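Welcome! Take a moment to turn the model around before reading on.

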Amino acid sequence: MPLIVLSTSQLLWVRLAALVFTCVAFSVAAHGAALPDGGIADWCIFCWAFSFAGTLLVLLVEQFGLQARAPVSWSNFPITIACYAALLCLSASVLFPLWFLKDRVDGEARGYRIASTVFSCLAAVAYVGEVILSKARPGEVAGYMATTPGLLKVCQTFVACVIFILVSSNPVTYDSHPALEWCMAVYCICFILSMVVVVLCVGECTGYLPVPFSKFLSAYGLLVVIMYLTATIIWPVFQFDKRSQGRKDSKVIATAVLTAINFLLYVADLVYSARLVFVSI
């Protein structure tokens, strides 16, 4: 019992810290950072605001003891929110200074931007800490999203969203050849399948599947690994062949790199899922 209380106390303080850091990050950025409308600025504000709202919801539900009344699986929901928030704040911590600290602005606005960057980094660290504290230990009975395969699925969907953003900004990158259209289909299909798993676990709906959830995960894992393997090979081959005349757009290169990263995430997911046996999901 003392260990459980200590763990809960640690989670509470980490969540409170993340709540404060994200609140300061988007408040300072919106108040005096003189950011342009749209683009990266809106993305960073969204990252901080989403993370703040998710953490506030988790804190309110737990402090008022409403877990049993929540329409979601509370063994899966908080860590899912924390993992997405960690990735979002990490992306904002990288993109915000790259885009807005290199601009020449007056001293006060630059100070606001520096403050937002610092608190964004602190928020990312806090969310990583929350994920580490909430993650299931070997032999511990926990929700699926608290396991390594569950967290990997969050990362897979996040990387896929980044790929969508990169590709949608220049549709010609995949419209030029049927093989590249196949790559786009791979990104979409695998993203949907991963999101289905996340929603089923968070919504506590795995029992509604016509097949056992473990078998569904095995078939899903093998399918997406094969599909991403083809995309990992096809995308760079057809983007950087002789007919592309040496075109090496930075977004195309980034998409190729992220495709390879997601392939590795899916391989790791398949390996972990094959070895992982949990009493309850």
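Let's begin in a loop: Glu 204 lies between helix H7 (178-202) and helix H8 (213-239). Please keep in mind that this is a predicted model. Across the protein, pLDDT averages 86, and 89% of the residues score at least 70.

**A loop residue**

- Glu 204 has a phi near 55°, which is a positive value in a residue other than glycine.
- With a relative accessible area of 54%, Glu 204 counts as exposed, because it is over the 50% cut-off.

**Confidence along the chain**

- Helix H3 (residues 77-100) has the highest mean pLDDT among the elements, at 94, while helix H6 (residues 172-175) has the lowest, at 69.
- Residues 1-7 stay under 50 in pLDDT, and the model gives this stretch zero contacts beyond four places in sequence.
- For residues 277-281 the pLDDT is also below 50, yet this stretch has twelve contacts beyond near neighbours in sequence.

**The nonpolar core**

- The largest nonpolar core holds 75 residues, and those with the most contacts inside it are Trp 48, Met 145, Tyr 187, Val 197, Tyr 228 and Trp 235.
- At least two residues of this core come from each of helix H1 (2-32), helix H2 (40-63), H3, H4, helix H5 (148-168), H7, H8 and helix H9 (250-275).
- H3 provides the largest share of the core, with 14 residues.
- Leaving aside residues up to four places away in sequence, Val 197 touches Tyr 144, Lys 153, Phe 213, Phe 216, Leu 217 and Tyr 220.

- The side chain of Ser 116 reaches the backbone oxygen of Ala 25 at 3.0 Å.
- Beyond residues up to four places away in sequence, Ser 116 touches Ala 25, Val 28, Ala 29, Trp 48 and Phe 96.

**Where H5 meets H8**

- Two packed helices are described by the angle between their axes and the distance between the axes.
- For H5 and H8, the axes come within 14 Å and cross at roughly 35°.
- The crossing of H5 past H8 is left-handed.
- On the H5 side, Lys 153, Gln 156, Ile 163 and Val 167 take part, meeting Leu 217, Tyr 220, Tyr 228 and Trp 235 of H8.

Technical notes: Residues are numbered from 1 along each chain as its sequence is written. This is a predicted model: local features need pLDDT of at least 70, side-chain atom pairs count only at pLDDT 80 or more; totals for chains, interfaces and linings use all residues. Side-chain values use heavy atoms; hydrogens and water are left out. Helices (H or I, at least four residues) and strands (E, at least two) are DSSP runs, numbered from the N terminus. Buried means under 20% relative accessible area, exposed over 50%, partly exposed in between (1.4 Å probe, protein chains only). pLDDT is the predictor's confidence in each residue, from 0 to 100. Contact means heavy atoms within 4.5 Å. A polar contact is a pair of N or O atoms within 3.5 Å; within protein, one must be able to donate a hydrogen and the other to accept it, and residues adjacent in sequence count only if both atoms are side-chain atoms. A nonpolar core is a set of buried Ala, Val, Leu, Ile, Met, Phe, Trp, Tyr and Cys residues joined through side-chain atoms within 4.5 Å. Axes are lines fitted to C-alpha atoms, for helices over the stretch in contact, and angles run from 0 to 180 degrees between N-to-C directions. A crossing is left-handed if the near helix is turned anticlockwise from the far one by less than a right angle, and right-handed if clockwise.
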